[in-house]
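Try each task before reading its solution.

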Amino acid sequence: MHKCQISIFYSTLIVAVLSFGLMIFLTPRIKEAAIIKADHSSETVFLPFKSNDARTNGIYTYKITLKNSMLSSGNYQIIPDDCLISIHVNGKEVKHLWETGKGCDSKSGIDINLKPYLTRDENVITLEVENTGGYIGLQFVDTTFYGAYQILIPFVLCVLSLILYRNVRVKVCNWLKNLFWKKALSSPLLSFIILILFFYFSGLFIKDGSVYRWYFIWMTVIPVFITCCILIYRKCIDPKFSVTIFSLCTCLCSAYICYHLYDQYSYDVEAHVQYIQYMIDTGHSPNPAGGWLFYHPSFYYRAVAGFWAIASYGRHLNFEEFLKISQAFTLTVFIVYCYLCIMTINLVFRMQMDSRERQLNNSHRFAVLLFLLWPVNAIFSGRIGNDIFFDLFYAMAFYWMVKWWYSQNLKNYFLILIFSSLAVWAKTNGLILIGASAILLICGFFIHYRRKPIRGIYYKQALLLTLAISVILCLSVPDKLMRLRSDPDTPLIVSNATGLGDELRVENNFNAFLTFNPVKFVKRPYTSALNPALGRDNFWHFLLKTSILGEFQETSTLLKVSASMLSLSLLLLMPLFFMGIFSAIKNVRIFLPVIISVLCLIGSMIVFRLNYPFSCSNDFRYIFPAVLPFCVLTGMGAGFDSKKRWASILSTVTVILFTSIATAYQILLVFKY
């Protein structure tokens, strides 16, 4: 291992351990909680508390001993069952600062700042709650955003190391000088910053909200698009072709948000909008039981709330403009996602360039063409929901996973863990990435077992992986445990599964996984999460159909015919996909990250189907990240080194047929023919 990698490893380890230790030590904690019942008897309880049986009517007093800390903002969410009567902190009464009726809100409760009443040491908080019948309970939640400290504390530690250690300071100064003086003028980032500043200051003169809405959208999208085009042109194997198809993809997706409303291809969008509005109004994540999708991690919703704060700064924009700007946020992230995926495709094929350069160029073109013109792209790029953030960080982690596999660089593996953690913060499905990186680490260890220097690197990477898993569990498990305490029947992953009706339940027996009817797959243009007659009970039918068309039905005859043709052309692609798998197995040391990614994603879908047999938990949102490795393998199959010319021509025609129909379908869908 190089000395640089060793210093990076130990520095990272020390910073992570110190940051995590400081977070645990400085976070406020409840030392004791007791309840004085209506009959004046008392018992010790754990918060959140909910009784197992109905209790008598009357006043119940909760006495909480809280050890405060300097990190706490003093903001708390109190959810009583049934009505909050009064709050006392260290004997002082807290004035009624909450809205009328909120004291009896057993779902969202009240948000209150207790900082003026709290001391730095132990505090005694007394809450009187009236029970008007049935169960009793209380949730007392610290709503301070400690995620900011998880970024701030490592930053402070790094700054201290710059101050204390001269050699570190010299290296960082040289790196910054090289970055900002030698590369700045030629950097696409500089172009991006100039465009953003130009558009922003120009927008100050626009007073009409409906005009400003579209101005702000294009002010955001165009600089991101131009920057990505410059980067693709500089770094890709076939830059002109890649930029052309990337531009076509962006145009289709941009046209979609111009012509379609936010709720046109989504079932739970109102719940996502409710979550975003809650974040805008309160500044903190909601109680998981307070809304249909409130159990989701808050990263995406915080980001959209921040994006809206920038868009609406100094302006009064209406609800319609808020919805369209939220769609634009998804489109912007989707453009970056597509750029990252193109870079990953480029990286995979660049590592194989040798005497087969012409064949691999064709494979690269096929993979780019399939991915950027995938038929569900337009729908996905205009949705409001946290899936896009999961896909973004999945793409980031997958890119560095491929890069790490080729370089065995410790820094790359560290970046995998960073982006995997962010994916988990975006959506719990991000745990798939942790599993994929662990499997890849084990495979790499056994491949390089006899090489002692490389083996030492793997030990250190395993330690980093263990540390990352520990941090993720410590940050995510407490919220799950709190939800379980308040509702013991709550599933750990899909917390609203108990509220899903039987009309969404699908089969999860062996027949659902071992059969597939290609005739029905082509004849039935669409599938549906609600209609069993359209094939949702067959795992492979529902997975493949939603991966290209979603779970939404169109009434247009032209669209129905196009959908059936698209289904047929997808089946024609499958032999190329299996040929790509065969080629990848022959070059397993190059393609192992791609193979593991596909297996983990499809495997997780099967596990979800077995544990949560509901159609809405198995639709295109969950399989969409698998499109990238699918396109890589299909591109390899289409460019397979065949000695028969007719086979190469047939492969080319198949790919062009699928992408042509996919492009035509998206155009028809956007303009609603």
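This is a predicted model: local features need pLDDT of at least 70, side-chain atom pairs count only at pLDDT 80 or more; totals for chains, interfaces and linings use all residues.

Residues are numbered from 1 along each chain as its sequence is written, and side-chain values use heavy atoms, without hydrogens and water.

**Exercise 1.** Find the strand order of the open sheet with six strands.

Solution. Strands are DSSP runs of E, at least two residues, numbered from the N terminus. Two strands pair if DSSP finds at least two bridges between them. The order is β2-β1-β4-β9-β6-β7, with antiparallel pairing. β2 (42–44) and β7 (92–93) are the edges; each has a single partner strand, so one side of each lacks a neighbour in the sheet. Inside the order, β1 (residues 29–36) and β4 (residues 58–67) share seven bridges. Ala 34 has Lys 63 in β4 as its bridge partner.

**Exercise 2.** Is strand β5 largely enclosed or open?

Solution. Buried means under 20% relative accessible area, exposed over 50%, partly exposed in between (1.4 Å probe, protein chains only). Five of the seven residues of β5 (residues 75–81) are buried, so the rest of the structure largely encloses this strand. Four bridges join β5 to antiparallel β8 (residues 110–113). In β10, Gln 139 stands opposite Ile 79.

**Exercise 3.** Which cysteines form a disulfide?

Solution. The test is a pair of cysteine sulfur atoms within 2.5 Å. Cys 83 and Cys 104 pass, at 2.0 Å. Cys 83 lies in β6 (residues 83–89) and Cys 104 in the loop between β7 and β8, so the pair ties together parts 21 residues apart in sequence. Cys 83 is buried at 13%; Cys 104 is partly exposed at 43%.
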